Amino acid sequence: MREVSSQAISLLKSHDVHVVFLDGRTLGQGHVLSSFVFDNKLTEVHNLQVNLVCDEIVKRLKKLFHTVLSDIAAPVYDKLYGSTKFATELAMRKEEGLVDQIMSDLDLERRQSTQQLIAVDVGTGTGRHAFRISKYFSRVYAFDFSTHMIRVAKEKKVACDDRRIAFSVADFEYEEVDGESDFAGKVDFVCASFGMGSFVEDTPRMLRRFHEWLKPGGAVLLSFYNSNTIVESMKPNWRDTSLAAHIDADRQTAQVALEDMTFYIFCKPYQPQMKEQISGLFEIRSMISYPCITAILPNSMFDLKNAKDYFSHLDELLIRDDSYFYGHYVLVYAVKRADASGYERVRSFLASRQIACETLRHAAVFRIRDVRRVLNLKDGQMAKTVIFSVGKQKQDGMPRVAIAVVPGDKEVAKEEIARELGMSKNLVNLATHEQIKTMGFVLGAVSPFGFEQHNANYFIDEAFEESSEDYVYMGSGDNFQTLKLRKSDFLELTKTYTRLRAQRLRSPD
């Protein structure tokens with residue numbers, strides 16, 4: 001199938017033609033099917049292919065319904081949203097307050113006189129946040145997949161004569177957006193608000209794209225619907241809801257009411273594992289779920305000002321307690337780390353030793369089994385790096401560590417590390433996620449080398465020397481890239497590591 005260019009798709013959309021485009025790469029990715037229908041007239045392979053196509057079309061149709069909803073809502077969007085449903089209004093106000101906080105934290109008022117500052121507003125709608133932040137930036141790139149929303153946004157832009165905002169129509173998930181090649185790596189702030197994170201199916205790819213856009217120290221605001229919202233568990237039965245949208249986490253669907261119409265659109269709610277995906281690329285400054293109590297109460301209750309004040313105050317108190325993460329939305333404020341990453345150190349380490357390597361790009365991986373799946377590798381081809389914190393003492397302000405490199409189907413016990421170091425096993429523990437981050441690495445992408453620690457002991461399994469494989473695949477410091485090295489180069493780089501014999505896993509991870 002010929003690829004359809006982003007320019008062609010944009011042209012079709014400018015004439016109100018809705019586009020659903022499926023390619024082989026999309027269908028070749030891993031899928032969890034929401035349902036499966038078996039036809040006895042087809043082979044198993046054909047049944048799987050047909051169900052994959054149908055499942056993908058259903059998802060795209062839900063997104064198409066979202067586009068239709070946005071187009072219909074555009075003329076009344078600013079009037080209806082944030083004023084008729086109180087819990088939704090609170091969520092929008094909370095986002096605006098968080099945006100203001102980020103603007104202050106980035107010190108933009110001082111910087112804008114000497115720097116060209118750039119922001120990107122993903123899913124801008126009618127430009128709510130774009131207009132709010134434009135005074136801080138030289139350029140704001142704002143886009144939405146609804147031509148009607150962008151039409152309204154452009155009318156508002158003309159009315160206020162704000163020339164710093166560039167509005168355009170684009171489906172962020174499937175298309176390159178206008179100006180992307182120019183602003184990549186230069187952006188100070190990315191805004192993906194009002195549940196935008198839940199409208200994108202491939203969360204790791206979305207996060208990676210934001211990471212690539214931002215400059216070091218740049219900030220991102222992420223908003224998701226919450227799979228653990230109290231509304232889902234309590235399911236209040238009154239029709240007079242204080243929310244503009246309700247989610248069905250199991251079906252990845254949001255039910256949105258617009259006057260006398262109801263739309264069912266694609267929605268992938270926030271799941272706890274997403275925090276790990278976010279923290280793997282960014283430093284999380286704050287993460288809250290909001291609103292909670294107001295979301296389960298009937299909207300008519302908030303006709304009383306006292307009720308508005310009282311219940312919104314209770315929701316503010318709940319934000320301060322992390323054990324109550326039951327709000328309808330999840331709001332994340334995160335920053336791209338400004339320090340040198342493990343990936344950069346690994347590349348520098350290899351370059352300084354004139355070692356040639358191949359970098360394989362892929363979907364985000366967080367475990368060795370993810371690498372095995374996305375690259376179709378055997379366990380013996382993969383090098384897994386395990387980090388242990390050792391002892392109680394600290395040197396140079398950093399804990400002493402032991403770094404063990406083993407094949408993908410093996411594990412190294414802390415008892416073996418303790419024996420090699422001549423200490424009690426009680427003083428040897430797996431490093432925490434936070435400890436690994438302080439070393440510049442993230443879970444699922446730790447490299448066998450490129451560490452700055454002088455207080456480290458290095459170990460490697462003897463099996464690598466005995467392997468018949470020509471290449472070894474290993475973490476690069478980046479969840480989206482794997483290093484491929486010749487075995488001879490790999491062994492040369494690790495020749496000073498202490499040899500050990502790790503145990504084979506009963507069930508490889």
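A cavity here is a set of grid points where a 1.4 Å probe fits but cannot get out. Going by that rule, this predicted model has six cavities of 30 Å³ or more.

**Largest cavity**
- There's about 570 Å³ of space in the largest cavity, and 35 residues line it.
- If you want to find its centre, look for His66, Ser70, Tyr77, Phe194 and Phe199, the lining residues that lie nearest to it.
- Helix 3, helix 7 (128–133) and strand 2 (139–144) are the elements that each give two or more residues to this lining.
- Helix 3 gives the most, with five residues.
- Sorted by class, the lining of the largest cavity comes out at 19 nonpolar, ten polar and six charged residues.

**Second largest pocket**
- The second largest pocket holds about 680 Å³ of space and has 32 lining residues.
- Nearest its centre you'll find Thr241, Leu243, Ala244, His246 and Gln255.
- Strand 7 supplies the largest share, six residues.
- The lining of this pocket splits into 16 nonpolar, nine polar and seven charged residues.

- Leu61 sits in helix 3 (residues 44–73).
- Leu61 counts as partly exposed because its relative accessibility is 33%, between the 20% and 50% cut-offs.

Definitions and conventions: Residues are numbered from 1 along each chain as its sequence is written. This is a predicted model: local features need pLDDT of at least 70, side-chain atom pairs count only at pLDDT 80 or more; totals for chains, interfaces and linings use all residues. Side-chain values use heavy atoms; hydrogens and water are left out. Helices (H or I, at least four residues) and strands (E, at least two) are DSSP runs, numbered from the N terminus. Buried means under 20% relative accessible area, exposed over 50%, partly exposed in between (1.4 Å probe, protein chains only). On a 1 Å grid over the protein atoms alone, a cavity is a set of points where a 1.4 Å probe fits but cannot get out, and a pocket is an open set with protein on both sides within 12 Å along at least five of seven lines; lining residues have an atom within 4 Å of a point. Grid points are joined across faces, edges and corners, and a volume is the space filled by probe spheres set on the points. Ala, Val, Leu, Ile, Met, Phe, Trp, Tyr, Cys and Pro count as nonpolar, Asp, Glu, Lys and Arg as charged, and the others, Gly among them, as polar.
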